[in-house]
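Colleague: I would like to go through this model with you. Please show it first.

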Amino acid sequence: MRHFLDLDAVAPGDLRAILDEAARRKAARRGRPKGAADDDAPLAGHALAMLFEKNSTRTRVSFDLAIRQLGGFPVLLSAAEAQISRGESIADTARVLSRMVDAMMFRANRHADLLELAQHATVPVINGLTDASHPCQIMADLMTLEEVQGPVAGRTIAWVGDGNNVCNSFIHAAPRLGFALRIGAPAGFKPPRALVAEAGGAVEVFDDPAEAVAGADAVCADTFVSMGDTNKAERMQALMPYQVNAGLMAKAAPGAVFLHCLPAHRDEEVSSDVIDGPQSHVFDEAENRLHAQKAILLWCFGLIGSTP
């Protein structure tokens, strides 16, 4: 069983295989209609259940088109429509869906619920986002960086702002794919110390955003107030000094790119001139969610990567 729950549970060689397959399939589709299946349609006849507890644009559309382009089809369930909203257990939901579909993607409020779904499922489960991590996003981010700058191994990526779920998945990826991660975050918003410690020397955490960005090949940010956050005033006061603006980008390496998982709040976590400027690759990054998702699905079914 291949679940895609967190990047630290996937072998480095398999992460590399996912990135390479995503790039290959993207190149092979140039000029094709978005809704047309790939020539090989490797997942023909396969059904993907997509279960959403959180709002979504990129995750929903990219997984929907990913399974269609691979020859399969999606089954969409919002939490409000599913029986879990009326008290059915995650375990029973996993058992039922496993009888009806070939894989599941869960965009969950709580990471513990994702793990419970995977524990009781008999088909692959993919993490579409939880409060603890967002591994699919990071695969698209790294794919984008490699398109612009070449192999990510040996590069330096800076994360500025809230040490949140997306940041956590960058931490998982750094030692496995050989890049350095430098995090600039204020007190109270830093990533978990234990997680940073597990990454060893691949990850450093700074109080000063300029120190984190110095010499970086990529600068990454996310919204200061995420879904479910209720302390907006506190967050804005603490995090506004960590805005990615032209002055901060100037401290990065020549040719550095700006990435953001979107949706963005211009002139909060990033200034308009940066996100809409020549260093920004946020819309390439958004498109690459589709291609990365396709490769993740193929990995889950054992069609790429090491032998299951």
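Colleague: Which residues does Leu142 touch, not counting residues up to four places away in sequence?

Modeller: This is a predicted model, where local features need pLDDT of at least 70, side-chain atom pairs count only at pLDDT 80 or more, and totals for chains, interfaces and linings use all residues. Residues are numbered from 1 along each chain as its sequence is written, and side-chain values use heavy atoms, with hydrogens and water left out. Contact means heavy atoms within 4.5 Å. On that basis Leu142 touches Leu19, Val152, Ile157, Phe170, Ala173, Leu177 and Phe179.

Colleague: Which residues have the most contacts inside the largest nonpolar core?

Modeller: A nonpolar core is a set of buried Ala, Val, Leu, Ile, Met, Phe, Trp, Tyr and Cys residues joined through side-chain atoms within 4.5 Å; buried means under 20% relative accessible area (1.4 Å probe, protein chains only). The largest such core has 58 residues, and those with the most contacts inside it are Phe4, Leu142, Ile157, Phe179 and Leu181.

Colleague: Which helix gives the most to this core?

Modeller: Helices are DSSP runs of H or I with at least four residues, strands are runs of E with at least two, and both are numbered from the N terminus. With eight residues, the largest contributor is helix α12 (residues 282-300).

Colleague: In β2, what is the bridge partner of Ala47?

Modeller: Two strands pair if DSSP finds at least two bridges between them. Strands β1 (residues 47-52) and β2 (residues 73-78) run parallel and are joined by six bridges. Within β2, the partner of Ala47 is Phe73.

Methods: Buried < 20%, exposed > 50% of the residue type's maximum accessible area, 1.4 Å probe, protein only.
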